[in-house]
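Me: I would like to learn how to read the packing features of a structure that is new to me. Could we go through some of them slowly, one at a time?

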There are 4 protein chains.
Amino acid sequence: MGKVWQQRFAGPLDERIHELNRSIGFDYRLGPDDVRVSQVWARALERCGVLSSDELTALVAGLESVGTELTEGSFQVQPDDEDIHMAVERRLTELIGDPARKLHHGRSRNDLVATDLKLYVRENTAAVNGQLSQVIQSLVTLAEQHQDTPFPGHTHLQQAQVISLGHLLLARAWSLRGDYLHLREAVGRHNSCPLGSGALGGATVPVDRAWLAKQLGFAGPAPNSVEAVTSRDFVLDILYALTRLGAHLSQLAEDFILWSSQEFGFVTLDDTIATGSSLLAHKKNPDVFELLRGKCGRLAGNLTGLLVTLKGLPGGYNKDLQEDKEPLFDSIETMTSLLPGLQAALEGVSFNTGVIAEKLHPALLSERIVAYLTDKGLPFREAYGICGQAVKLAEDTGLPLTNLSLTRWQELSSAFEEDVIDLLAQPWSVPASGVAGGSNRAAVKAQVKELSEWLESVATV
Amino acid sequence: MGKVWQQRFAGPLDERIHELNRSIGFDYRLGPDDVRVSQVWARALERCGVLSSDELTALVAGLESVGTELTEGSFQVQPDDEDIHMAVERRLTELIGDPARKLHHGRSRNDLVATDLKLYVRENTAAVNGQLSQVIQSLVTLAEQHQDTPFPGHTHLQQAQVISLGHLLLARAWSLRGDYLHLREAVGRHNSCPLGSGALGGATVPVDRAWLAKQLGFAGPAPNSVEAVTSRDFVLDILYALTRLGAHLSQLAEDFILWSSQEFGFVTLDDTIATGSSLLAHKKNPDVFELLRGKCGRLAGNLTGLLVTLKGLPGGYNKDLQEDKEPLFDSIETMTSLLPGLQAALEGVSFNTGVIAEKLHPALLSERIVAYLTDKGLPFREAYGICGQAVKLAEDTGLPLTNLSLTRWQELSSAFEEDVIDLLAQPWSVPASGVAGGSNRAAVKAQVKELSEWLESVATV
Amino acid sequence: MGKVWQQRFAGPLDERIHELNRSIGFDYRLGPDDVRVSQVWARALERCGVLSSDELTALVAGLESVGTELTEGSFQVQPDDEDIHMAVERRLTELIGDPARKLHHGRSRNDLVATDLKLYVRENTAAVNGQLSQVIQSLVTLAEQHQDTPFPGHTHLQQAQVISLGHLLLARAWSLRGDYLHLREAVGRHNSCPLGSGALGGATVPVDRAWLAKQLGFAGPAPNSVEAVTSRDFVLDILYALTRLGAHLSQLAEDFILWSSQEFGFVTLDDTIATGSSLLAHKKNPDVFELLRGKCGRLAGNLTGLLVTLKGLPGGYNKDLQEDKEPLFDSIETMTSLLPGLQAALEGVSFNTGVIAEKLHPALLSERIVAYLTDKGLPFREAYGICGQAVKLAEDTGLPLTNLSLTRWQELSSAFEEDVIDLLAQPWSVPASGVAGGSNRAAVKAQVKELSEWLESVATV
Amino acid sequence: MGKVWQQRFAGPLDERIHELNRSIGFDYRLGPDDVRVSQVWARALERCGVLSSDELTALVAGLESVGTELTEGSFQVQPDDEDIHMAVERRLTELIGDPARKLHHGRSRNDLVATDLKLYVRENTAAVNGQLSQVIQSLVTLAEQHQDTPFPGHTHLQQAQVISLGHLLLARAWSLRGDYLHLREAVGRHNSCPLGSGALGGATVPVDRAWLAKQLGFAGPAPNSVEAVTSRDFVLDILYALTRLGAHLSQLAEDFILWSSQEFGFVTLDDTIATGSSLLAHKKNPDVFELLRGKCGRLAGNLTGLLVTLKGLPGGYNKDLQEDKEPLFDSIETMTSLLPGLQAALEGVSFNTGVIAEKLHPALLSERIVAYLTDKGLPFREAYGICGQAVKLAEDTGLPLTNLSLTRWQELSSAFEEDVIDLLAQPWSVPASGVAGGSNRAAVKAQVKELSEWLESVATV
C-alpha cells in the first residue's frame, strides 16, 4: 500500500534510506499510548464537527481492536510501516476503511509523538519510582538493624571516625530519596499536553486543547505549539534524572564491592546473589554490584548522546529528534532491571559485625584525644597538633595509640593525666545523643522515623 | 608556618604533589562566603560554650578584617596555603592569635566547603536568572513587534507552514522560561545546611544545627551528616541546569546564524554586534551567535566531567570531590558572560520583513488546498493525497501552485471549483483566531500577556 | 542443567539478578567467533598434551556443528545460559559429551571474550571501512563533476570567497579519508592476542601463545596477561574512531540540509531519497541527512558511556566490563546502516548550478578589490581598509559593489583607475592555477587524482 | 587604534560582545608560536615577491622583538586586542610601522591559528610523553623489585589467583606505554601544514606551501585548504588521547587508594606524599591518587565538550571553533601537573610484603586442587566441579581449605590421595616458568627487559 505521502513523490524511497529512517523497531513501545491518544483525538474531532458520531464510534472501536492486537502481540508490522503512528493508522484503515482516513485530520506526527512519549514517560517513571521506594525501604530496614553497630567511617578511603553503620546506610537512603523526588519533579515539570499543536503552528481544526489535555491527564495544553513539538526537554530531564540516580547507585555499589572483598570482609553475600567463575572454582563474585556500578556509564552515555543530538538544531521539528527514543527506552529499561537486582542484593547481604569491630584502627582514637584536650581548655588547633604528634610517635615506635605510656603522653602535653589511659581503653559504641543529623542513636532513630513515614506516604499514592 | 596538619608527618609534602593538591588558585572565589560561614560558626561555638564572649568578639572582628582584605584584593596568599579555608584560618591567626586556634573546633573542611559552595551557588544562580529574565524580556518584546509578521515555519529545515514570527520567537521565550524555573528548582531542592556535619559523623560539639541553618538562610539542617559532606548533587544539578539552558541557547543561536546568512537574509545584525574578518574586507560575522552555539559544548563538558568524577566513589568525602569547583565556576561564569552578549545581540537584530515575505514558497499553499478539500467533505487522507499530486504536478511542470489552471485542478479532483484560484491568490497573514497556544493573533497576544506578567512577577522578587 | 559454577553455591541465583547478569541477549553476536577461537584453543590443548587427538577431532567437529546452528539460526538459547561462551560449551556438551568438559581447561571467559571481541572488531571495522571508501568515492565523483562550478565558500555561514564546489566537496572526502585511516590504525594498534591469559595470570597449561596468536591472525600474543584480560582500550579506540567519523558526518549532513532548504536552494534531492510529511502534503524532507546529523549523538554517547564505565575500575577483570559490548555493537551497527544511507543520498542529490550562481553575493568582490590595490603597491592592511570602506558605502547607499561609480571608487583611493569597473564585472570562475591544496583547477585535479589512486589502493586490499 | 576591520563597520562592537568574543585571555599561550609562524610567513612573502628584502628584514627583526616581549612577560595587551594574532600584528605595527601592514597579506587568522595550534600541540605533547616515560620507568623499577612477590590478583575485587606483584605493576606499565604510542600517533597523524590555506580557498599570493611546511617541521602542506582551516581533528585526537591516558591513571590510582586503606594495608605512603586532615589529627590521606582518579573527569569533559561543539557545524571556519583551545590547554596542563605528581607518588610508596602474604586467602588454593585433579586425568569441568564442592564444604564447616581432612577430600573424589595435604601446605611463590606474558619469573623478566629497552629507545629520541 506504500507510504501515505507517496503520491507526492515520483518513486519509492531508496531501500537503504527506508531502513535507516524506520523507527518501528523501537517505537512500537508507544503503541498502546498511540491508540489511547488517537481515541481522545477522535473524540475531539467529533466535538468540533469534523467527525460524525457514527464515524467516531467506528474509530474508537477500530482503535480498540488495534490496541488489543498490540497488547496481545498479534499486530503485524508491514514492510512499509515507517513508525508506530503510521502502522496504527494503516491497520485501522484495513479494519474500518474510510473513517480511518479522517483520523489524522488536523494533527501531525509531530504533536502526536510528543504526546505519546509524555504518556510513556509518566507511566514508566512511576514504575521506576515504585521500585526505588522499595530499595530505599530495604536500606532503611538494614540501617535500623545496624543503628548501634560501630563502623569505621572513611574519608579518602582511610578510616576517619567511628560512626553508626546505620547512619552510613541512611546516607544512601537520603540520597536515593533525593532521586525519587527529583524524578517526580522532572515529570511534573512537563505536565502540559502537546496534542493540538499540529506540525508546528497549532491544529488547523478548532479542537479544544484544554479538553484534550484534561482527557489525557495533563494540567493543561502546552502554551506554544512550536515549542510543544520541538522540545525534548522532558526526555532530557528524565535522562538526567536517571543518570543522577545511576551515579548514586554506582557509589553505593562501590561500597558493597569493597566491603565484600577478602581484605575488608565486612559483608557476606548470600549465595543466591553472587556468581561464580568459569575457571576458578572458589570464586564468588558480586556481579550485581559491579553491574550497578558499570551501568552508570550507559545512563550517562544516553544523556550525553541526546545532548549532542539536540545541540544546535534549528527551530521546528527536525528528524534528528527521532534519536530521543532509544536512549530514553534504554535508560528506563536499564533502571527497571537494575533496581529489582539491587533489591535482591540488599536482601542478600549480611554484615560481619565481628570482623568490622576487629578492623577498627587504634588511630581512630585521635578524636577522643583531641576532645580530651579541648575539654581541658586547650584551643582546638593546639590539641590537634599535640594529638598529631602522638599519632606520629605511635607510628614511629610501632605501637598502637592505646599502648603509649602515660609518660609518653605527658611528654607531649602536661594536660594529660592518668584518666587518658582509661579513656583510650573504652570500647567503641554509638553515642546516645549528639547533633541533629549526626551519627548518634537519637539522630539515627529520628532519621529512620522520618524516612519510614515518607515511604509510607509515597506508598499510598 | 607550614600546613596545620604537619606535626603528624615526618617531612614536608613533595612539591609536585603540593602543587597538584592546592585549590586556592580557584577556590579563592569562596573567600567571602567562607568568612561569613565562619562568623556564624563562631557564634554557634559561643552559644554552646566553646568560646567565651570575648573570644567571639575577637573572632568576628578578625574575620571581618579578613573579609575586607579578600574583597579589596589585599589578601596575600602564602605558598603553604592549600585552600581558601586554611588561608583564611592562617590569616586570622596572624591577625588575632589564640582565639583563631579555636575556630575550627568541631567543624571540618568537609562540611565547611559544602556550606560555602551552597552559598556561592545560591548567589550566582540568582544572578544568572536575573540576566536570563532580561533575555526573555527581549524575546517577548521582539515577538510582540512581530506578532503579525507571516514567517515560513520550518520543519526538517524545509518551509512547512506560514506562522507568526512572533509565535516562533515566543517558542524560544517559553523554552528559556522553563530553564529559569528549572534552575530555581535546582537550587531550591538543596536548601539544607551541611554545616555541623563535621568530617562525616556530625559535629562533636553540641552546636545547634537548626540555628546555624537559619542564620545562613537555609530551610533547615541537612538530615544526614555523611550525605551532607559527600553529596555533590547540588553542583551536578546546577551543571545540568546550565547545560540544558546552553542547549537551548545553541538552538536559538543556530536560527539567527541561518537567518543572517546571505541565502536566508531574514535578519540584519547591527554593526555593533557583528565582527569582521582579518583577511576578507567585506565580512560581517555573527560571532556572538556562534559563540552561544559553540559554548554549549563546554557546559556539557563540565557536566560530563563531574559525572565521570562522581562515578563509583566510595562512601565519605574523597579528594576527587575537589574537582567539583572548576566546572561549576566555569559554567557559571560562561553563562554570566553569554547572557549579556545575547541580550546585546537581541537588541541589535532587525528582521527584514520584505525579504521574508518574498521567500515564502508557493508550496506552502498545500495547507489551504487540503483544508479546501476537507471543507468539501473529503476525508483528510484523501484530500492530502490529491494535494500531494498537485504539488508533484507543479514540480513536474515547473509551475508554482498558484499558476496551475483550473482544468488541471479539476483533473486531480472534481471537488475543485473556481474559487480555488482565488483562494491560492490570497496574501499570507496571521489569522485572527485559532487553537490555544497556536500561531494566531489571539493566542500570540495571550502568550505575550502571560509571559509579561510572569516577567513582572519575577522581577519584583 | 544449571550454571557450571553452581556446585560451589548453596542455592540458585536470584532470578532478578540472573536477568541483570545475563549477556546472551546481545553477546550472541560473538557466537561464530567463539566457535572459531574454541577450535583453535582445542588444537592448542592437543599440541600441549591436554587433549588426545581423538578428543580434538570430536571437539572440532562438535564446535563446527554448534557454529552451523549459530549461523543457521537453529541454536536454542536455554534459560540458564549466562552468555554465549557458556551457551556454546553447554551445547557442545550436549552434542559430544565428555571431551566438551575439557575444552575450558586453562582458559577463562576473561581471555576468551577479549579474543572473541577483537575478532569481531577486526571483521566489522573492515566492513565499515569498505562502506566508507564507497562514500568517499561518491564524494570524489561529485567533486570531479563540479570542479569548475563557482560556489560561495562560507565562513561564519557568511559568504566569504568564491571557491570551486568540487574543492569544497573534496574537503569532506579528505576528512573521511582521515577517518578511514584512523579507524584502520585503531584496529592495528591492538593486534595482539589475549588468548592464553587465563583469568588474569596466564594460562595454567603450557599452550603456545605465539602459535595461538598466529592461528587467529594476530601479530603476536598480548605481552601481559593481566593487561590482556582487563584492557578495553581496543573497544574505546573504536568507539572514539566511530564518534569522530560521526562528527564529520554530522557536519557534512548539516551542509546538505542547509543546501536543500528553500532559502538556499543549492541542491535538489531526488524523490527516492526524500520523505514526506503525514500532515503537510507538499513536504519533501531530507530525513537521511538529519539522521546522519542526529546519530552523531548516540555515537558520542556510546563513547562517553564506556569512559564512565572504565573510570576508576580496580585492577583485574571486573564485571563492569560487560558494558563494553552493547555500545560497541550499537556504534558499529549504527555506522553500517548510516553509510549505505549516505551513499544512497549522495547518489540522489543534484546541484542547482544556476541557483548557486545567482546567489553569489556582490560583496564577494572585496577580494578582487584588495588584490587590485595590493597589485598597485598598497600594503595589504591599507588596501583592506579602503575596501572595507567601499563595502560600507555600498551598504549605506543600498547599491551592490558593482554599481559604485568610478568617482566613488576614486574618492576612496586614488589608486583606483578605470579598469576597476571592468574588473568587478567579470564573471566568476575557478582559476586555472594557484597554491597547492587551494581552490584552483590544477590543485583540485591533483586532489581528485590523489584520492582516486588512494581509493584504488584500498579497494584492492 | 580600534580593531583592524573597524572601517567596514558603522560603530564599535558592543562591549558585552567584545568581552565574549575575546580570546586573548587564553590564546596568549600561542604567542611564541605565532611569532615563529609569522617570521616564516614573511620569508615566504619575500620569496614570492610580495615583500622586498628590506621589508623582510624589518619584519623578522620586529617579530623577534615582539617574541622577546612575549617570553619575557613585558608584552602589554591592549583593550582592543581580540586575540593573540591581532595583538602581535598591532604591536609589530607600533614597532616597525608600514612593513607590518603587509604581514597579513594572503593569510587569514583561519590558517594562522590552525598552524600555531599544531605547533603548540607538537611541543606540549612531547613534554607529556617525556613525563609519561618517566612514570613508566618508575613502574618498571617497582615491578622489578617485586617480580617475586606473591600477590593476590583480583577479579571482581575478589582474590582470584596468586600472581607476581611485579607482573601486576607491569600491566599498568604496558597500558601506559600504549598511551605513549597512541599520543605520538595522534600527533603524527596530523603532520601537515595548514599555512597558506587563507580564509578557506587557499592563499591568494603564490607562496610555496611545500616550503612553508618544511620550514615549520611538517611533512608537507595540508592537502585541501578548506579542510585545513576547518578541521579540529588534531585537537580532538589529542583530547581523546589524554582522556584515554586519564582513564588508565584513574584505574591505577584506584588500586593504590585501595591498597593504602587500613583494610588492605598493602602499601604505606611516605609522609612526603600524603596529606592530613584539618579536623582529624590521625589522618594520612592519599590525595594525590584521589586527584589522579578524579581528574579523569575533566579530561573526559574536555573531550565531550569539543565533540558537542563540533557536532553539526556547517562547512568552513565557524567561530565556534574558538572553543577548541581552552579544553586543549586545560587537558595538557592537567596532565603535565598530574604526571609529576604520580612520579613523586610512585617514588614514595612501599609495599608491605608481610601484610600481603598474610592476606592471601586459603581459597586461592582452588587452582592447585583443580590442577591436581586434571593431572590425574579428570576432565577440567569435572575437576572444577569437585573443587567447587570442596570450597563450599570449607565455608559450611568454617574451616580453611588447608584444614580439610584427607577423608573429606576423598569423600569428594576418589582421585584425591595423601599428597593433596602436602600440596595445599606449600607456601606461595611465583613459578619459575610458564606461558609467555604470564605471571612467572621468566615472563616477568622478559617484560622488564622489553620495556626497559623500549624506554631507553624513547629516551634517546
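Me: Is Phe151(A) buried or exposed, and what is its relative accessible area?

Reply: Please keep in mind throughout that this is a predicted model. Phe151(A) has a relative accessible area of 1%, and because buried means under 20%, Phe151(A) counts as buried. The residue Trp259(A), with 4% relative accessibility, is buried as well.

Me: How should I read a pair of aromatic rings, and how many aromatic pairs are there over all chains?

Reply: In general, a pair of aromatic rings is described by two things, the distance of the centres and the angle of the planes. Over all chains the count comes to 56 aromatic pairs. One of them is formed by Phe151(A) and Trp259(A), whose centres are 5.3 Å apart with 75 degrees between the planes, an edge-to-face arrangement. This pair links distant parts of the chain, since Phe151(A) belongs to strand β1 (residues 150-155) of chain A and Trp259(A) to helix α10 (residues 233-259) of chain A, 108 residues apart.

Reply: A stacked pair is formed by Phe256(A) and Phe289(A), with 4.9 Å from centre to centre and 5 degrees between the planes. Phe256(A) lies in helix α10 of chain A and Phe289(A) in helix α11 (residues 287-294) of chain A, so the pair ties together parts that are 33 residues apart in sequence. Both Phe256(A) and Phe289(A) are buried.

Me: Which residue of chain A has its charged end over the ring of Phe218(A)?

Reply: That residue is Arg122(A), whose charged end sits over the ring of Phe218(A) at 4.7 Å from its centre. In chain D, the charged end of Lys118(D) sits over the ring of Phe234(D), 5.4 Å from its centre.

Me: How do I read two packed helices, and at what angle do the axes of α12 and α13 of chain D cross?

Reply: The general idea is that two packed helices are described by the angle between their axes and the distance between the axes. Helix α12 (residues 296-310) of chain D and helix α13 (residues 325-347) of chain D have axes that come within 9 Å and cross at roughly 155 degrees. That makes α12(D) roughly antiparallel to α13(D), and the crossing in which α12(D) passes α13(D) is left-handed. On the side of α12(D) the contact is made by Arg298(D), Leu299(D) and Asn302(D), while α13(D) contributes Pro327(D), Asp330(D), Ser331(D), Thr334(D) and Met335(D).

Me: What is the angle at which α11 and α12 of chain D pack?

Reply: Helix α11 (residues 287-294) of chain D packs with α12(D) at an angle of about 20 degrees, and their axes are 4 Å apart. That makes α11(D) roughly parallel to α12(D). Here Leu292(D), Arg293(D) and Gly294(D) of α11(D) meet Cys296(D), Gly297(D) and Arg298(D) of α12(D).

Me: Why is helix α15 of chain D described as largely enclosed?

Reply: Helix α15 (residues 366-375) of chain D has ten residues and seven of them are buried, so it is largely enclosed by the rest of the structure. The buried residues of α15(D) include Ser366(D), Arg368(D), Ile369(D) and Tyr372(D). Their packing partners are α16 (380-397), α17 (406-412) and α18 (419-425) of chain D. After α15(D) comes Gly377(D), which has a positive phi, near 105 degrees.

Me: Where is Leu393(A), and which residues does Leu393(A) contact?

Reply: Leu393(A) is found in helix α16 (residues 380-397) of chain A, and its relative accessible area of 19% still makes it buried. Apart from neighbours within four places in sequence, Leu393(A) is in contact with Leu404(A), Arg408(A) and Leu412(A). Leu393(A) and Leu404(A) are eleven residues apart along the chain, with 8.7 Å separating their C-alpha atoms.

Note on methods:
Residues numbered from 1 in each chain as written. Chains lettered and ligands numbered in written order. Predicted model: local features only at pLDDT ≥ 70, side-chain atom pairs only at ≥ 80, totals over all residues. Heavy atoms only, no water. Buried < 20%, exposed > 50% of the residue type's maximum accessible area, 1.4 Å probe, protein only. Contact = heavy atoms within 4.5 Å. Phe/Tyr/Trp six-rings, centres within 6.5 Å; stacked < 30°, edge-to-face > 60°. Lys NZ or Arg CZ within 6 Å of the ring centre and 35° of its normal. Axes fitted to C-alpha atoms, helices over the stretch in contact; angles between N-to-C directions. Parallel < 35°, antiparallel > 145°, perpendicular 65-115°, else oblique. Left-handed = near helix turned anticlockwise from the far one by under 90°.
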